[in-house]
Amino acid sequence: MMSSTAPILQVHDLVTAFDTDAGRMTAVDGVSFDVPRGKTLGIVGESGCGKSVTAFSITRLLPQPHGKILGGRIEFEGKDLVTLPHEDMRNLRGNDISMIFQEPMTALNPVQTVGKQLAEAILLHEDANLDTVRARCLEMMKKVRIPAAEQRLNEYPHQLSGGMRQRVMIAMALINTPKLLIADEPTTALDVTVQAQILDLIKDLQSDLGMSVILITHDLGVIAEVCDEVAVMYAGRIVERASVYDLFANPRHAYTRGLLDSIPKLDSTPKTKLKAIPGNVPSIADFKPGCRFAERSGREHTLQELGTRPAFVEIAPNHLVENCPVCVS
Ligand SMILES: Nc1ncnc2c1ncn2[C@@H]1O[C@H](COP(=O)(O)OP(=O)(O)OP(=O)(O)O)[C@@H](O)[C@H]1O
C-alpha cells in the first residue's frame, strides 16, 4: 500500500533528449522533484528551459521518433512511468493523469460537438450508459462554470470564445477525475481578466477534487497565485526548489532573483524600467557542463565552475539549490 502522505509523483534524475541532424541533444538534464498529494507544484522558467519536455516525458507524449527518455525514474503511485508498457500508459493518460495546454484547439476536435468529445473522453476509459455519460458531461460543464451548459454541449469548439474553449479543455481533462493534472501554460494565450478566472477555476477544482497539479508557466505572478511549491528551471535543469513562500521571501539562485526582479511591482515608481535578465536561454546545442547561468549572471566564473555541474543541495530545510558558488548567495 502507498502511504497517503507519499508524494503522488516523484521524478528522479530525469534525462530526456532529442536525436537531431546535428546529433543527440539533451533537453532535460537530470531533473528531480516531487509533487505532494493534493498540492500544486509550479515549474517556472523562460521559454526553452525544458518545462514542456519535462511534462511530455511524464505523460510519455514526446515527439516521436526523435524524443527519448534516456535515464531516471518517474514514480506515480508505485509505478515507474519510464518503463510502463505503452498500453498501460495509454490507460493512465486521460484517466489518472491528464494534461491541458496553452492552445485548446490542439486538444479539441473542430468537427465534433463539445458534448460528443466529452462523452468520448469518458467512454475511452469505461463502459457507462449514455444517460450517465450525458449527466456527467453536463455536471462537468457546470463545474467549469460554462453558462448555458446544456446548449453548449451541442456546439462546436469554434462557436466558443477562447476562455470558454479553455474551460471545455479543462472539463475534458477532469472528466475522469484524474489524480494528477498537468497544466502547461494554461492561461498564457488569454487576456488578463480571463486568465484570472481560469486560474481561480483550476484552484477551486483542485481543492474540490483533491487533485495534485503541476502548473507550468513562465510567469512568477501565476506561481504566486496558485502554487504551493515551485521548481525553477533553467537550461534543462532545476536550479532552485522551495515552497512558494520561501522562494519569494528568500530566493538563493541568481536566475530566480533575475526572474523575480523582472516582475512589475505595485509599489515601484511609475515608469521605472523593469530589470530584464540580459541575453537569452542558450539553445540545447550550447548547454555547458557547469553552471549554465554563468554567461547571463554578469559575474566571473572560474574554469572549474564552468566545467563541473554544481551539486544540488538542501541549503535550508526544504529549500534546494544548484549550488554554484558564484550564482548562489
Ligand atoms: N522536437 C524537438 N526536437 C529538438 N529539440 C526540441 C524539440 N522539442 C523541444 N526541443 C528543445 O528542447 C528545449 C526545451 O524545450 P521546451 O519546449 O521544453 O521549453 P519550455 O521551457 O517548455 O519553453 P516553452 O514555454 O517555449 O514551451 C528547447 O531548447 C527546444 O528547442
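Modeller: Let's start with classes: Ala, Val, Leu, Ile, Met, Phe, Trp, Tyr, Cys and Pro count as nonpolar, Asp, Glu, Lys and Arg as charged, and the others, Gly among them, as polar. This is a predicted model, where local features need pLDDT of at least 70, side-chain atom pairs count only at pLDDT 80 or more, and totals for chains, interfaces and linings use all residues. Residues are numbered from 1 along each chain as its sequence is written.

Biologist: Which residues surrounding the ligand are the closest?

Modeller: F18, A27, S47, S52 and V53 are the closest of the 17 residues that surround the ligand. A residue is near a molecule if its C-beta atom, placed from the backbone, lies within 6 Å of it. By class, this shell has six nonpolar, 10 polar and one charged residues.

Biologist: Which element gives the largest share of that shell?

Modeller: Helix 1, with three residues. Helices are DSSP runs (H or I, at least four residues), numbered from the N terminus.

Biologist: What makes a set of residues a nonpolar core?

Modeller: The set holds buried Ala, Val, Leu, Ile, Met, Phe, Trp, Tyr and Cys residues joined through C-beta atoms within 7 Å. Buried means that 20 or more other C-beta atoms lie within 10 Å of the residue's own, with C-beta atoms placed from the backbone. Here the largest such core has 87 residues, and L118, A171, I182, I214 and V232 have the most contacts inside it. Helix 6 (residues 162-174) brings the largest share, eight residues.

Biologist: What is L118 in contact with, leaving aside its neighbours within four places in sequence?

Modeller: C137, M140, A171, M172 and I175. Contact requires C-beta atoms, placed from the backbone, within 7 Å.

Methods: Helices (H or I, at least four residues) and strands (E, at least two) are DSSP runs, numbered from the N terminus. A residue is buried if 20 or more other C-beta atoms lie within 10 Å of its own, exposed if 12 or fewer, and partly exposed in between; C-beta atoms are placed from the backbone. Two residues are in contact if their C-beta atoms, placed from the backbone, lie within 7 Å.
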